[in-house]
Amino acid sequence: MKRWILWLAAAGAVLPIGASAAEPADPIGALLSGVASRIQPFLETVGLKATLYHSGAGGVGTRDALGCKVVPMRTAAVDSKQIPKGTLLYIRQTVGMPLPNGGVHDGYWYASDTGGAIHKGRIDLFTGATSASMTPLMTLNLTTLTVTEIGKFSGCPHE
């Protein structure tokens, strides 16, 4: 049933009623955002208390629990009993946050990491190499975020 709903939502996003004169700067991101907004009511959404981490924090490595390179503003550490590693997440509170490359966040995160302090009801968002990288997300630290499981990914996610 979920697959059917996802297909219908994707078809609606790909086949818009009216054509736009200007192409979006990130057509794939725009497509995913359109699909997510249409299917979100049908997907499981959970509230998770957010914490932030960076690679300079207490010897945190540059690799996630899948063995992949951690990606600033994309990698999320989760309790794999609650959210399986390899899950694509949508966190609406992060939409519009500044990205290291100068763009803005589309709300998509990769559940590819775990942590000793990350248990049920928690999510840890990777911000970058230094504590200064946490600044854009500091308003979300220790707040409850709306986290929606959008789909699955395989291999290593990238920016």
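Analyst: Gly47 has Thr146 in strand 6 as its bridge partner. Strand 1 and strand 6 run antiparallel and are joined by 5 bridges. Strands here are DSSP runs of E with at least two residues, numbered from the N terminus, and two strands count as paired if DSSP finds at least two bridges between them. This is a predicted model, in which local features need pLDDT of at least 70 and side-chain atom pairs count only at pLDDT 80 or more, while totals for chains, interfaces and linings use all residues. Residues are numbered from 1 along each chain as its sequence is written, and side-chain values use heavy atoms, with hydrogens and water left out.

Strand 1 also pairs with strand 5, in the parallel sense and over 6 bridges; there, Leu52 has Leu125 in strand 5 as its bridge partner. Altogether, 6 strands close into a barrel in the order 1-5-2-4-3-6, with mixed pairing. From one strand to the next, the twist averages 45°, an angle between N-to-C directions, on a scale from 0 to 180 degrees, of lines fitted to C-alpha atoms.

Now for the packing. The largest nonpolar core has 20 residues, and Leu89, Trp109, Ile123, Leu125, Leu137, Leu145 and Val147 touch the most other members. Such a core is a set of buried Ala, Val, Leu, Ile, Met, Phe, Trp, Tyr and Cys residues joined through side-chain atoms within 4.5 Å; buried means under 20% relative accessible area, exposed over 50%, and partly exposed in between, with a 1.4 Å probe and protein chains only. Strands 1 to 6 each supply at least two residues of this core, and strand 1 gives the largest share, 3 residues. Another core, of 6 residues, lies apart from it and includes Leu88, Tyr90, Tyr108 and Tyr110.

Finally, the search of the whole structure finds 1 disulfide, meaning a pair of cysteine sulfur atoms within 2.5 Å. It joins Cys68 to Cys156, S to S 2.0 Å. The link is left-handed, with -80° about the S-S bond. Cys68 lies in the loop between strand 1 and strand 2, and Cys156 in the segment after strand 6, 88 residues apart. Cys68 is buried, at 1% relative accessible area, whereas Cys156 is partly exposed at 48%.

Definitions and conventions: Helices (H or I, at least four residues) and strands (E, at least two) are DSSP runs, numbered from the N terminus.
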